[in-house]
Amino acid sequence: METQKTDKSYAIGLDVADPLKKYKQKFHLPKGISEQDCIYFCGNSLGLQPKSVQLYIELVLTSWATSGVEGHFKGKHSWLRYTEKLSEQTARLVGADPIEVVVMNTLTVNLHLMMVSFYRPTPIRHKILIEYSTFPSDLYAIKSQIKFHGFDPETSLVKLMPRQGESTLLTKDIEALIDREGESIALILLGGVNYYSGQSFDMERITRIGHKKGCTVGFDLAHAVGNIILNLHDWNVDFAVWCTYKYLNAGPGSLAGCFIHDCFKERYDLPRFAGWWGQNIQNRFLMGPEFKPVSGAEGWQISNPPILAIAPLLASMEIFNEIGMEALRAKSVKLTGYLEFLINNYCDDNLSIITPSDENQRGCQLSINVKKNGKSLFEKLTANDVICDWREPSVIRVAPVPIYNSYLEVYNFVQILKRENDKISKYS
Ligand SMILES: *Cc1c(COP(=O)(O)O)cnc(C)c1O
């Protein structure tokens with residue numbers, strides 16, 4: 001008998017043929033509520049720990065213990081070399097030149113620093129354009145920047161709204177708004193992949209249209225980096241920021257990334273909040289009173305980098321570097337496509353996927369809107385050792401991550417989802 005796409009054996013076959021299957025073993029898998037291995041579909045919130053992290057941290061601890069301050073310079077793992085390597089790997093990950101990227105601070109802090117330099121409102125051009133379901137922290141940061149410049153978020157913040165009854169945005173609607181209001185927009189600031197709907201935006205196109213109207217264009221890539229293919233340099237994006245604890249698996253609260261296009265690398269005239277690590281490397285340790293920033297993104301650094309906190313990121317980036325984003329994305333498209341197929345095939349109309357079905361408009365996450373009893377369905381998933389997340393008022397977000405999730409986990413997840421959803425629909 002021929003194998004059907006809905007058979008368990010079909011999922012097992014996909015895993016056998018998966019060129020990335022060995023990477024699952026490189027991560028620690030948490031236990032679910034019943035102390036069994038869980039189905040971890042929450043890498044969009046906090047990525048799993050690479051097993052190599054422990055060694056990377058121990059190496060830093062050892063060189064600190066044995067070399068003290070000399071650890072900056074000594075040995076293969078010297079702390080100065082640490083960040084060099086990271087720049088190269090980070091640049092590859094986001095499609096940039098090493099001079100355009102830096103790892104520093106945390107995400108919201110970087111967003112503020114970028115707005116200090118790139119949000120320069122005037123009475124005519126003072127607005128910031130965002131998407132309607134902007135991540136709350138971004139919204140707080142953006143509103144506070146508007147107020148800091150003496151403007152009012154009521155009139156200076158413009159939100160892209162979806163059409164009636166829809167959950168995602170159309171590129172042509174984004175274009176039309178920029179065309180209409182572009183001259184008053186100082187900054188377009190969107191998520192590369194929206195955290196709620198899972199929709200990814202056409203960043204190249206939005207950047208081009210924004211630039212035509214004289215707007216600065218930045219992206220928050222918290223849900224995009226390590227998830228979709230990025231070409232920030234070629235797309236001419238002005239700046240971007242991201243965290244490293246979601247798809248990049250660098251651990252809770254780990255450091256954040258920042259991209260600044262190389263057309264700004266010598267723009268020392270831009271206002272920036274300075275600190276000694278942004279200082280030109282030749283002058284950094286002269287400790288003179290004049291601040292002359294190093295060219296490129298590193299010129300926005302403030303403090304010396306926390307090496308212990310970078311260790312897990314470096315461990316994780318080694319794995320990304322080995323696989324490459326093309327291979328990861330190829331698996332991701334298949335894995336999420338399979339999840340979408342099974343949900344649509346098995347589940348009734350209590351469940352609907354709000355993430356676009358076009359693979360070019362999403363990463364690995366699917367957001368499932370639950371019409372009735374969503375919260376209790378989510379609790380049932382948890383009780384069945386599934387780790388995913390719940391967003392008010394009615395969305396379950398699931399993210400099968402190509403680096404450590406399998407097709408069989410997708411299959412098993414949908415079995416649980418269907419069973420629990422059927423029960424809920426029947427008894428309510
Ligand atoms: C996760 C996330 C954040 C979190 O910000 P932190 O500064 O790292 O706490 C902010 N914005 C977006 C879009 C996110 O997805």
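In this predicted model, the side chain of T108 places an N or O atom 2.6 Å from an oxygen atom of the ligand. D138 and Y245 also bring polar side-chain atoms to the ligand: D138 reaches a nitrogen atom, while Y245 reaches an oxygen atom.

| Residue | Ligand atom | Distance |
|---|---|---|
| T108 | oxygen | 2.6 Å |
| D138 | nitrogen | 2.6 Å |
| Y245 | oxygen | 2.6 Å |

How much of the ligand does the protein bury? On its own, the ligand would expose 390 Å², and the protein buries 82% of that area. The space that the ligand takes is also the largest cavity.

Which residues are found around the ligand? They are L107, T108, F135, D138, D220, A222, H223, Y245 and K246. Sorted by class, this shell has 4 nonpolar, 2 polar and 3 charged residues.

Now for the aromatic rings. The structure holds 12 aromatic pairs, and one of them is formed by F118 and W300. Their ring centres are 6.3 Å apart and their planes meet at 20°, so this pair counts as stacked, the cut-off being under 30 degrees. What does the pair tie together? F118 belongs to helix α4 (residues 107-118), whereas W300 sits in the loop between α9 (281-284) and α10 (307-323), so the pair links parts that are 182 residues apart in sequence.

Two backbone details are worth a look as well. Most residues other than glycine have a negative phi, and most peptide bonds are trans. E35 is not a glycine, yet its phi is positive, at about 70°. You will find E35 in the loop between α1 (8-17) and β1 (39-40). Further along, E392 and P393 are joined by a cis peptide bond, with omega about 0°. P393 lies in the loop between β12 (389-391) and β13 (395-398).

Notes. Residues numbered from 1 in each chain as written. Predicted model: local features only at pLDDT ≥ 70, side-chain atom pairs only at ≥ 80, totals over all residues. Heavy atoms only, no water. Near = heavy atom within 4 Å. Polar contact = N/O pair within 3.5 Å; in protein donor to acceptor, adjacent residues only side chain to side chain. Areas by Shrake-Rupley, 256 points an atom, 1.4 Å probe, with all protein chains shown as cover. 1 Å grid on protein atoms, 1.4 Å probe; cavity = no way out; pocket = protein on both sides within 12 Å on 5 of 7 lines; lining within 4 Å. Sits in = over half its atoms within 2 Å of the grid points. Nonpolar A, V, L, I, M, F, W, Y, C, P; charged D, E, K, R; others polar. Phe/Tyr/Trp six-rings, centres within 6.5 Å; stacked < 30°, edge-to-face > 60°. Helix = DSSP H or I, 4+ residues; strand = E, 2+ residues; numbered from the N terminus.
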